[in-house]
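Please look over the sequence and the model shown here.

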Amino acid sequence: MALRKIVLKNDEILRKRCKPVEKFDEKLGILLDDMAETMYKANGVGLAGPQIGVLRRIAVIDVGEGLLELINPEIIKSKGTQRDVEGCLSCPNEWGYVVRPNEIVVKGQDRTGKHIQLKLKDFFARAVCHELDHLDGKLFIDIADEMVDPNDLKE
Ligand code: ZN
């Protein structure tokens, strides 16, 4: 496994729309392993392809319930709303309130290409929505309704 460099917010690569993954090969497995390692090392809860310069529809997420690898993910149902503070490994020291669905059903594939479908809620749902936005070139700072001073979060 290897650490990948995390792309920061002014890089154009974060603004591009990602292409679907078509090959479920060994190279994809290595990429996913690297993404997980990079995310854990940076103390993140999610990392999407563009954040390491890979324009493919791929993300890793771990909100404390184990590692979830999502390939070609799509939200097929969403319910309710929640508003809470988000950050992003590509936007260091920036925090802001974002409204997200409270519950989602996401479908996608695992690293072998097998189709998966998951029902998620609360923070897990938020993290998945955040990572899926990256795959369409969107950042949370685009949709945050209020930015937060990091000093206010430390109280
Ligand atoms: Zn992010």
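The report below goes from the overall fold to the zinc site and then to selected residues.

## Basis of the model

This is a predicted model, in which local features need pLDDT of at least 70, side-chain atom pairs count only at pLDDT 80 or more, and totals for chains, interfaces and linings use all residues. Residues are numbered from 1 along each chain as its sequence is written, and side-chain values use heavy atoms, with hydrogens and water left out.

## Fold and dimensions

The protein chain holds four helices and eight strands. Their order from the N terminus is α-β-β-β-β-β-β-β-α-α-β-α. The radius of gyration is 15 Å, close to the 15 Å of the globule rule for 155 residues, so the chain is as compact as a globular protein of that length. Helices (H or I, at least four residues) and strands (E, at least two) are DSSP runs, numbered from the N terminus. The radius of gyration is taken over C-alpha atoms, and the globule rule is 2.2 Å times the number of residues to the power 0.38.

Along the principal axes, the C-alpha atoms fill a box of roughly 45 × 35 × 25 Å. Contact means heavy atoms within 4.5 Å. Among contacts between residues at least 6 apart in sequence, 66% join residues at least 24 apart.

## Surface and charge

Of the 155 residues, 45% are buried. Buried means under 20% relative accessible area, exposed over 50%, and partly exposed in between (1.4 Å probe, protein chains only). The chain exposes about 8,500 Å², with 48% supplied by carbon and sulfur atoms. These areas come from the Shrake-Rupley method with a 1.4 Å probe; for residues, only the protein chains shown count as cover.

There are 24 positive and 27 negative side chains. The centres of the two sets lie 5 Å apart. Lys and Arg count as positive and Asp and Glu as negative, with His and the chain ends not counted. Each charge is placed at NZ of Lys, CZ of Arg, CG of Asp or CD of Glu.

## Zinc site

Three residues coordinate the zinc ion: Cys88 through SG, and His130 and His134 through NE2. The distances are 2.0 to 2.2 Å. Donors are N, O and S atoms within 2.8 Å of the metal (3.2 Å for Na, K and Ca); water is not among the atoms, so sites may look incomplete.

The donor spacing in sequence is C-x41-H-x3-H. Helix H2 (residues 122–135) carries both His130 and His134, four residues apart, about one turn of the helix. Both histidines are buried.

## Positive phi angles

Most residues other than glycine have a negative phi. Asn72 has a positive phi of about 50 degrees. Asn72 sits in strand E3 (residues 68–79) and is buried, at 17% relative accessible area.

Asn93 also has a positive phi, near 65 degrees. Asn93 lies in the loop between strand E4 (82–86) and strand E5 (95–100). Asn93 is exposed, at 64%.

## Two residues in context

Arg83 belongs to strand E4 and is partly exposed, at 42% relative accessibility. Beyond four places in sequence, Arg83 touches Tyr97, Val98, Val99, Arg126, Asp145 and Glu146. Arg83 and Val98 are 15 residues apart in sequence, with their C-alpha atoms 5.5 Å apart.

Ala36 lies in helix H1 (residues 26–41) and is buried, at 8%. Leaving aside neighbours within four places, Ala36 contacts Val60 and Leu67. Gly113 is 77 residues from Ala36 in sequence and 18 Å away, C-alpha to C-alpha.
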